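Colleague: I am new to this structure and would like to learn how to read it. Could we take a few features in turn?

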Amino acid sequence: MNYAPSYAEQQRDPRKHLVGISTVVVFHFVLVYALANGLGRKVVEVFKAPLDVSIIEEIKTPPPPPPPKIVKVQTKVSAPPPPAYVPRTETQVQAPTPPITTTAEVRPEPPPAPPAPAPEPAKPAQVNIAVACPNHQSVPVNVPKQAIRMGLSGQVLAEFTVAASGEVKDIGIVQTSNSVFNQAAIGAISKYRCVGQGRDVRVRVPFVFRNE
């Protein structure tokens with residue numbers, strides 16, 4: 001059966017403290033020796049001596065060298081040679097002929113012709129009173145009283161239309177010596193009994209008024 005020593009027994013072993021005890025003995029021996037030879041006093045004098053202080057100047061770096069100068073080399077440009085002499089040649093320039101402008105005359109269109117007048121209705125044929133109105137002599141024609149009072153005599157030329165049926169219409173006075181006789185002539189014509197000629201015919205009849 002193995003037996004392990006305890007921690008207290010290991011500490012009581014003098015071999016464990018041999019190095020420490022030796023170091024302490026050597027230190028005391030050196031200390032005694034230094035005090036005996038005045039080493040301590042030299043140490044004190046060294047601490048009391050003024051310290052030599054020297055200022056170390058900063059090492060200045062030299063400035064960089066200046067950049068090299070750039071020398072511009074100017075190349076001489078020679079002047080161009082003068083132009084070669086060229087004699088002048090006179091060329092006759094003909095003036096351009098002016099363009100011929102033709103202006104077309106624009107004539108306005110003539111105004112439209114006025115419409116042709118309507119043809120006049122054909123006038124009825126002229127027929128003698130004796131043919132158209134056979135009773136014209138039997139119709140009395142009296143002198144107007146006003147003409148009698150005035151002592152006037154006169155003449156009237158009257159005109160009227162006899163229709164195809166014998167009707168008397170469109171009585172008018174063509175010529176008169178005095179208007180006082182007109183109504184007497186128109187009244188006598190309205191009493192005519194005419195004969196139709198198959199179409200409208202115009203009839204003229206003269207009247208003579210004598211104030212005796």
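Colleague: Which residue just after α2 takes a positive phi?

Modeller: Gly-38 does, at about 75°. Keep in mind that this is a predicted model.

Colleague: How many of the residues of α2 are buried?

Modeller: Buried means under 20% relative accessible area. In α2 the count is one among 19 residues, and the helix is hardly covered.

Colleague: Which residues make the nonpolar surface patch?

Modeller: First the general idea: an α-helix has 3.6 residues a turn, so residues three or four places apart point the same way. Here Val-26, Phe-29 and Val-30 make a patch of about 320 Å².

Colleague: Why is strand β2 described as largely enclosed?

Modeller: Because seven of its nine residues, 154–162, are buried, the rest of the structure largely encloses β2.

Colleague: Which strands are joined to β2, and how do they run?

Modeller: Look at the bridges. Nine join β2 to β4 (residues 201–209), and this pair runs antiparallel. Phe-160 stands opposite Val-203 in β4. Six bridges join β2 to β3 (residues 168–176), also antiparallel. On that side, Glu-159 stands opposite Gly-172.

Colleague: What lies between the strands in the hairpin of β2 and β3?

Modeller: Five residues do, and in this hairpin Gly-166 takes a positive phi near 95°.

Note on methods:
Residues numbered from 1 in each chain as written. Predicted model: local features only at pLDDT ≥ 70, side-chain atom pairs only at ≥ 80, totals over all residues. Heavy atoms only, no water. Buried < 20%, exposed > 50% of the residue type's maximum accessible area, 1.4 Å probe, protein only. Helix = DSSP H or I, 4+ residues; strand = E, 2+ residues; numbered from the N terminus. Pairing = 2+ DSSP bridges. Patch = residues over 30% accessible without salt bridge, like charges linked within 9 Å, V, L, I, M, F, W, Y side chains within 5 Å. Areas by Shrake-Rupley, 256 points an atom, 1.4 Å probe, with all protein chains shown as cover. Salt bridge = Lys/Arg side-chain N within 4 Å of Asp/Glu carboxyl O.
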